[in-house]
Amino acid sequence: MGQVAWKGLFLSLFDYKTEKYVIAKNKKVGILYRVVQLSILAYLVGWVFVVKKGYQDTDTSLQSSVITKLKGVAFTNTSELGERLWDVADYVIPPQGENVFFVMTNLIVTPNQRQATCPESVSIPNALCDKDEDCPAGEAVVAGNGVKTGRCLKDRDSIRRTCEILAWCPVEKRSKPKKPLLASAENFTVYIKNSIRFPKFKFSKVNVLATNNESYLKNCRYGTEHPYCPIFLLGNIVRWAGSDFQEMALEGGVIGIQIEWNCDLDKAPSECNPHYSFSRLDNKFAEKSISSGYNFRFAKYYRDAEGVDYRTLIKAYGIRFDVMVNGKAGKFNIIPTIINIGSGLALMGAGAFFCDLVLLYLIKKSNFYRGKKCEITPGLGGGDTPDQVCCLLLEFPEEKKSFKEHPSFPKMFSGILSLQQCVATTDL
Amino acid sequence: MGQVAWKGLFLSLFDYKTEKYVIAKNKKVGILYRVVQLSILAYLVGWVFVVKKGYQDTDTSLQSSVITKLKGVAFTNTSELGERLWDVADYVIPPQGENVFFVMTNLIVTPNQRQATCPESVSIPNALCDKDEDCPAGEAVVAGNGVKTGRCLKDRDSIRRTCEILAWCPVEKRSKPKKPLLASAENFTVYIKNSIRFPKFKFSKVNVLATNNESYLKNCRYGTEHPYCPIFLLGNIVRWAGSDFQEMALEGGVIGIQIEWNCDLDKAPSECNPHYSFSRLDNKFAEKSISSGYNFRFAKYYRDAEGVDYRTLIKAYGIRFDVMVNGKAGKFNIIPTIINIGSGLALMGAGAFFCDLVLLYLIKKSNFYRGKKCEITPGLGGGDTPDQVCCLLLEFPEEKKSFKEHPSFPKMFSGILSLQQCVATTDL
Amino acid sequence: MGQVAWKGLFLSLFDYKTEKYVIAKNKKVGILYRVVQLSILAYLVGWVFVVKKGYQDTDTSLQSSVITKLKGVAFTNTSELGERLWDVADYVIPPQGENVFFVMTNLIVTPNQRQATCPESVSIPNALCDKDEDCPAGEAVVAGNGVKTGRCLKDRDSIRRTCEILAWCPVEKRSKPKKPLLASAENFTVYIKNSIRFPKFKFSKVNVLATNNESYLKNCRYGTEHPYCPIFLLGNIVRWAGSDFQEMALEGGVIGIQIEWNCDLDKAPSECNPHYSFSRLDNKFAEKSISSGYNFRFAKYYRDAEGVDYRTLIKAYGIRFDVMVNGKAGKFNIIPTIINIGSGLALMGAGAFFCDLVLLYLIKKSNFYRGKKCEITPGLGGGDTPDQVCCLLLEFPEEKKSFKEHPSFPKMFSGILSLQQCVATTDL
């Protein structure tokens with residue numbers, strides 16, 4: 001017989017237990033409920049699955065490598081430099097061809113600087129002086145080029161006197177060319193090779209079209225008609241970023257080249273292609289503030305026959321290009337699918353919860369519905385009295401005003417007095 | 001008495017309201033429901049907690065700094081350079097030892113270039129010419145080294161004529177060595193020091209084993225038997241990345257060194273260790289396309305006694321190493337734990353929802369269950385008639401076919417006619 | 001009539017179906033349930049909405065560009081270098097002013113190195129020798145500067161003998177200055193311009209105060225009283241990172257400058273400001289291990305009148321600054337709002353689920369509540385007998401022990417024997 005019991009127990013394990021429903025023939029709430037259900041369904045299908053591809057497992061930890069290579073030469077003919085030809089090794093800094101590269105488009109050259117003493121540049125306020133006392137020896141000039149020697153000098157080609165300093169002399173003259181020196185940089189091209197890899201899916205690709213047509217890759221230029229050509233004209237990049245090249249070449253600036261890989265690996269690999277976008281990164285506010293644009297100083301060091309160091313100081317203006325790669329790959333996976341469906345259905349519960357609130361508290365006749373929704377256990381004497389009361393009580397807290405008018409108030413009162421009994425009855 | 005009422009109200013606040021259940025003695029659905037429950041439980045425990053560590057608060061915003069230092073010398077003896085020894089300052093570019101560094105393994109040197117005129121390299125198609133007219137003066141050679149002067153010359157050691165150009169002369173001869181010059185770079189070592197910090201948990205660590213055994217750290221080499229030694233043999237790194245060093249040294253390439261910190265801070269800090277992986281970043285497609293491998297040009301600038309600049313142009317082939325650090329730390333936190341448990345349980349509701357659908361619409365006898373599931377309020381005259389009808393109606397929409405055959409159809413019809421009444425009854 | 005039926009169907013579609021409740025007058029569970037409800041509500045409002053701003057759509061894919069510019073000069077007077085002034089072009093590596101820059105604060109200079117043969121440094125263990133046999137010709141010195149020539153020499157200014165090597169001679173003497181050469185680097189300033197852009201919201205900003213007061217931006221220094229001044233004193237940065245500048249200047253190190261943009265775009269753009277934090281990235285463990293601090297070697301190459309290359313090798317110690325930008329912008333969006341509310345409500349269901357478990361299995365009298373919770377369909381003979389049994393059965397599985405003592409056990413047993421009938425009854 002024990003076994004029989006166990007058997008019964010075991011069998012009963014597989015009975016299905018489901019909530020008992022009450023039907024409220026209330027069109028308002030009914031419609032509300034259906035609307036909520038539909039909108040949740042719409043959200044689940046439309047947003048979670050179609051838009052956000054909720055059925056996919058995604059990989060955003062992109063492994064990327066960028067190799068950049070510039071091409072182009074510029075010929076300049078200036079008083080200080082004479083006839084000069086600039087090639088890649090001259091104007092690209094740093095030369096390694098990484099994802100950040102700088103193209104020099106304008107420069108101020110101060111040749112043959114040596115460690116010596118000379119008057120500070122007049123353009124530096126703190127260096128101006130009237131007598132030697134204004135130049136305490138050994139003190140560094142704030143935002144200046146050297147250390148004061150204690151004398152106040154008048155530079156040959158200037159009317160004002162400045163402190164003499166120990167520095168790399170002669171100091172740089174602050175005179176930016178009116179027009180960019182390497183204006184023709186607009187026609188330079190940059191070849192951007194970007195190899196990516198999604199480790200989770202072991203998927204890798206290059207932004208270079210997998211063609212055997214050598215000449216195409218040598219001669220194409222990226223554009224609307226060649227969206228997958230990896231060679232860009234600097235002029236175009238700047239224009240697409242919404243700036244004017246010549247103006248930028250003069251002051252310098254920073255351009256961002258975003259490469260976006262958004263791959264649906266449920267489709268063919270050939271569908272997974274880069275999308276390029278260009279933006280000006282050093283933005284316009286900067287114009288008003290100090291050191292607008294982008295420039296920096298560097299020096300080439302030489303040593304003369306006597307073994308004395310001297311250098312050529314170069315203040316380089318130009319455009320820095322930052323290549324930024326980011327991407328996302330998705331592939332069907334059962335786990336996120338189930339989770340999304342599940343949590344979507346779970347939302348339905350929330351919808352019902354919301355409708356209950358409306359039904360039980362916000363609409364007229366809500367008392368009635370509360371009554372129906374609550375279980376009525378057979379009471380002592382008068383039918384549904386005390387528990388009905390308990391039940392209503394339970395649901396009441398909010399509406400104190402309509403309380404006294406409540407039909408079953410007297411009974412309720414008695415019920416309140418006999419809460420114990422109320423329980424007792426249910427215990428019956 | 002008022003108080004008593006309030007007291008009652010207050011007490012009743014703490015009654016517990018729970019759904020009323022119907023038991024469907026239907027093994028199919030029952031088993032289905034249990035299966036759903038179990039799988040949700042399995043998902044919650046197995047996936048969310050064990051695999052995904054759902055009980056932990058995680059920090060992925062890793063602060064990392066990488067310092068790299070190469071060691072090794074190479075001796076070369078070539079016709080153009082003679083006997084030469086290469087040390088770190090010669091072959092590492094840039095020298096700073098950041099997370100990206102380039103080791104030069106092969107190079108084409110073009111010494112003593114000066115600003116002058118000379119015939120363009122014959123390897124550039126656009127430079128070939130038959131007569132001076134083919135070389136319009138002032139025009140830059142596309143993908144070339146200079147600006148045309150207007151003359152068509154024949155270089156001494158070549159049979160073909162090319163345009164004369166103003167450029168850094170002589171121009172580079174495109175002749176890559178058959179075998180890498182610094183083949184012995186395979187034996188160079190790199191010391192990678194990676195310090196990380198998880199700000200949220202104020203936890204920091206270094207990939208250098210916290211040992212006082214100086215000599216171990218000087219002499220160990222990373223490998224399966226020394227997984228925490230921070231010194232790597234370049235040859236090994238390339239091999240682990242699945243490439244051949246000598247081949248790569250010839251053409252150049254990019255290797256990614258991923259350092260993965262995956263730390264469970266509920267365990268001892270000594271359990272939090274880096275995991276290294278190596279991969280070839282510039283991938284195989286590239287071989288077919290232009291500028292396969294990795295190389296770039298840079299120049300060393302000199303000035304002769306007359307103060308004229310001249311330079312040595314170097315086309316450097318080599319291997320670029322990108323050290324990429326990413327990590328994740330987790331530590332027990334009550335909030336994510338509760339949330340995960342909660343949403344897991346919420347999923348159960350979804351399971352029930354799903355089973356209801358089956359029970360009420362997909363199986364035989366579903367009508368019967370719908371009937372049970374629906375409240376039957378005492379009707380006017382004929383027992384359960386009208387509401388039963390309303391109830392069934394409610395549940396019907398889908399199955400129009402089986403509609404007419406429905407046993408209680410006549411009643412139902414009458415019920416439909418008296419929907420108002422139907423409500424009325426419920427209002428009783 | 002058909003239409004009428006359809007009409008009925010259609011209308012009934014909008015009836016509202018809601019669960020039927022049982023009221024358990026059990027204060028324990030009741031309170032528990034209210035507590036659960038309240039805590040879920042608190043979590044939803046307090047955590048999800050107030051703290052985590054769950055009503056906002058967020059963008060973390062920050063586009064950022066950093067431009068850095070150092071200012072300051074240092075004067076040194078050493079035996080080997082004589083009087084020398086260091087300016088930006090001398091001590092900043094690399095010069096480009098990117099987000100990672102290195103300030104040289106200490107150095108070991110080895111001038112006039114030429115390709116030749118000389119004894120290896122005595123500080124390299126592997127180079128020590130007693131006789132020529134210890135120096136096999138052509139073998140590279142491990143962690144050394146060159147390739148052995150096969151001879152064992154005694155350097156003039158040393159007592160020990162070392163192998164002669166082919167290398168850049170003379171080799172570097174390992175003698176670090178006791179105090180940093182450029183100690184005054186503490187007073188250098190760095191101007192950090194950081195422009196950011198949140199693509200999703202098309203919002204961009206600069207960390208430079210949008211003021212027209214030129215002089216303010218030239219003269220301010222970042223600090224508690226000037227939180228939005230973009231000019232930093234190196235000394236302060238290091239101190240804020242919790243290190244001592246002079247000590248760090250001697251050994252070198254890495255400092256991280258985090259710029260955090262945490263923008264609530266529902267507020268005014270002027271509310272969106274950067275927050276700076278500073279930390280030492282190469283951490284203390286390192287002190288114990290090899291190559292503590294941060295240093296690297298680089299060379300300046302010269303060519304003498306005979307066209308022979310020689311170089312000045314510089315081992316640079318200094319501080320590397322890594323500027324790291326990250327940020328997050330949020331803006332109100334209806335979708336996340338709804339989702340968060342919904343899933344929050346869904347959690348309520350979980351709460352109820354939990355309370356049910358308590359009510360039905362953990363407290364005394366749980367049998368009674370199980371009975372109440374289960375539907376009792378009119379049975380055959382003795383009132384609620386068989387189904388009551390089925391019902392209880394269903395709920396039983398766990399508590400086998402208290403099973404036999406169960407009041408309705410005899411009935412239950414009969415019930416078990418007649419499970420079929422049990423179903424039959426429900427089918428009635």
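Which residues are linked with Arg84(A) in a network of salt bridges? Select Asp87(A), Asp90(A) and Arg311(B) along with Arg84(A): these are linked in that network. A salt bridge here is a side-chain nitrogen of Lys or Arg within 4 Å of a carboxyl oxygen of Asp or Glu.

**Before you go on**

This is a predicted model, in which local features need pLDDT of at least 70, side-chain atom pairs count only at pLDDT 80 or more, and totals for chains, interfaces and linings use all residues. Residues are numbered from 1 along each chain as its sequence is written, chains are lettered from A and ligands numbered from 1 in the order in which they are written, and side-chain values use heavy atoms, with hydrogens and water left out.

**Stop 1: chain A as a whole**

Colour chain A by secondary structure. It has 13 helices and 17 strands. These are DSSP runs, numbered from the N terminus: helices are H or I with at least four residues, strands are E with at least two.

Now colour by accessibility. Of the 428 residues in chain A, 55% are buried. Buried means under 20% relative accessible area, exposed over 50%, and partly exposed in between (1.4 Å probe, protein chains only). Chain A exposes about 18700 Å², and carbon and sulfur atoms supply 60% of that area. Areas come from the Shrake-Rupley method with a 1.4 Å probe; for residues, only the protein chains shown count as cover.

Contact means heavy atoms within 4.5 Å. Take the contacts in chain A between residues at least 6 apart in sequence: 66% of them join residues at least 24 apart.

**Stop 2: from chain B to chain C**

Select Arg311(C) and Asp87(B). Their side chains meet in a salt bridge (2.5 Å, N to O). The pair crosses between chains: Arg311(C) sits in strand 17 (residues 309-332) of chain C, and Asp87(B) in the loop between strand 6 (82-86) and helix 3 (88-91) of chain B. Both Arg311(C) and Asp87(B) are buried.

Asp90(B) and Arg311(C) are both buried.

Over all chains, the count comes to 37 salt bridges.

**Stop 3: within chain B**

Select Arg114(B) and Asp304(B). They form a salt bridge, the closest N and O atoms being 3.0 Å apart. Arg114(B) is in strand 8 (residues 100-119) and Asp304(B) in the loop between strand 16 (295-303) and strand 17, so the pair ties together parts of chain B that are 190 residues apart in sequence. Arg114(B) is partly exposed, at 31% relative accessible area. Asp304(B) counts as buried, at 15%.

**Stop 4: Thr312(B)**

Which side chain makes a polar contact with that of Thr312(B)? Show Arg303(C): the two side chains make a polar contact at 3.3 Å. A polar contact is a pair of N or O atoms within 3.5 Å; within protein, one must be able to donate a hydrogen and the other to accept it, and residues adjacent in sequence count only if both atoms are side-chain atoms.

Thr312(B) lies in strand 17 (residues 309-332) of chain B. It is buried, with 5% relative accessible area. Leaving out residues up to four places away in sequence, Thr312(B) touches several others, including Val109(B), Pro111(B), Phe298(B) and Tyr302(B).

**Stop 5: the listed binding-site residues**

For "binding site", an unreviewed UniProt entry lists Lys69(A), Leu70(A), Lys71(A), Thr189(A), Asn295(A), Phe296(A), Arg297(A) and Lys315(A). They span 247 residues in sequence, and the farthest two C-alpha atoms are 24.8 Å apart, so they do not all gather at one spot. UniProt positions are in the numbering used here, feature names are shortened, and annotations may be inferred rather than shown by experiment.

Zoom in on Lys71(A), in strand 4 (residues 63-71) of chain A. Lys71(A) is partly exposed, at 38% relative accessible area. Beyond four places in sequence, its contacts include Thr189(A), and Ala143(B) from chain B.

Thr189(A) is in strand 11 of chain A. It counts as buried, at 12% relative accessibility.

**Stop 6: Asn187(A)**

Select Asn187(A), which UniProt lists as "glycosylation site" in an unreviewed entry. Find Asn187(A) in the loop between strand 10 (161-169) and strand 11 (189-198) of chain A. It counts as exposed, at 54% relative accessibility.
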